[in-house]
Amino acid sequence: LQAGAFQASGQAEELKAKIALLGLGARVESTQINGRTVYRVRMGPYGTASDLAEAKAKLASGGLQGMAVKVD
């Protein structure tokens, strides 16, 4: 579950902290896209679709959005 992607690590850390206040765990992962570093705020993996849906619902209750992403 990806909650956001930012060019500044500080913004990603801020979102990670907001997610922690909702009782969820998140991490910041950095990656290179077109020569630029992007900081992704990700959660999971989740074992079942219901676990994923529950996490998305908790995010939504805090006014945050999440997008399911498939990780190889």
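**Reading a β-α-β-β-α model**

Modeller: Starting at the N terminus, the elements of this protein follow the order β-α-β-β-α, that is, 2 helices and 3 strands, where helices are DSSP runs of H or I with at least four residues and strands are DSSP runs of E with at least two, numbered from the N terminus. This is a predicted model, in which local features need pLDDT of at least 70 and side-chain atom pairs count only at pLDDT 80 or more, while totals for chains, interfaces and linings use all residues. Residues are numbered from 1 along each chain as its sequence is written, and side-chain values use heavy atoms, with hydrogens and water left out.

Colleague: How should I read the radius of gyration of the protein, and what would a compact globule have?

Modeller: The radius of gyration is taken over C-alpha atoms, and the globule rule is 2.2 Å times the number of residues to the power 0.38. For 72 residues a compact globule would come out near 11 Å, and the protein, at 12 Å, agrees with that. The C-alpha trace spans about 35 × 25 × 15 Å along its principal axes.

Colleague: Which residues is Gln2 in contact with, leaving aside its neighbours within four places in sequence?

Modeller: Contact means heavy atoms within 4.5 Å. With neighbours within four places in sequence set aside, Gln2 is in contact with Arg40, Val41, Arg42, Gln65, Gly66, Met67 and Val69. Gln2 belongs to strand β1, residues 2-6, and is buried because its relative accessible area is 11%. For the protein as a whole, among contacts between residues at least 6 apart in sequence, 56% join residues at least 24 apart.

Colleague: What joins the side chains of Gln2 and Arg42?

Modeller: A polar contact is a pair of N or O atoms within 3.5 Å; within protein, one must be able to donate a hydrogen and the other to accept it, and residues adjacent in sequence count only if both atoms are side-chain atoms. The side chains of Gln2 and Arg42 are joined by such a contact of 2.9 Å. Arg42 lies in strand β3 and counts as buried at 11% relative accessibility. Beyond four places in sequence, the contacts of Arg42 include Leu1, Ala26, Glu29 and Val71.

Colleague: How many residues apart in sequence are Val69 and Arg42, and how far apart are they in space?

Modeller: Val69 and Arg42 are 27 residues apart in sequence, with 9.2 Å from C-alpha to C-alpha. Val69 lies in the segment after α2 (49-61), is partly exposed with a relative accessible area of 27%, and touches Leu1, Gln2 and Arg42 when residues up to four places away are not counted.

Colleague: Where does Lys16 lie, and is Lys16 buried or partly exposed?

Modeller: Lys16 lies in helix α1, residues 9-21, and counts as partly exposed because its relative accessibility is 31%. Apart from neighbours within four places, Lys16 is in contact with Ala26, Arg27, Val28 and Val41.

Colleague: What should I look for in the backbone: where is phi positive in a residue other than glycine, and which residues does a cis peptide bond join?

Modeller: Most residues other than glycine have a negative phi, and most peptide bonds are trans. Asn34, which is not glycine, has a positive phi near 50°; Asn34 is found in the loop between β2 (27-33) and β3 and, at 79% relative accessibility, counts as exposed. The cis peptide bond joins Gly44 and Pro45, with omega about 10°. Gly44 lies in the loop between β3 and α2, where Pro45 is also found, and Gly44 is partly exposed at 27% relative accessible area.

Conventions:
Buried < 20%, exposed > 50% of the residue type's maximum accessible area, 1.4 Å probe, protein only.
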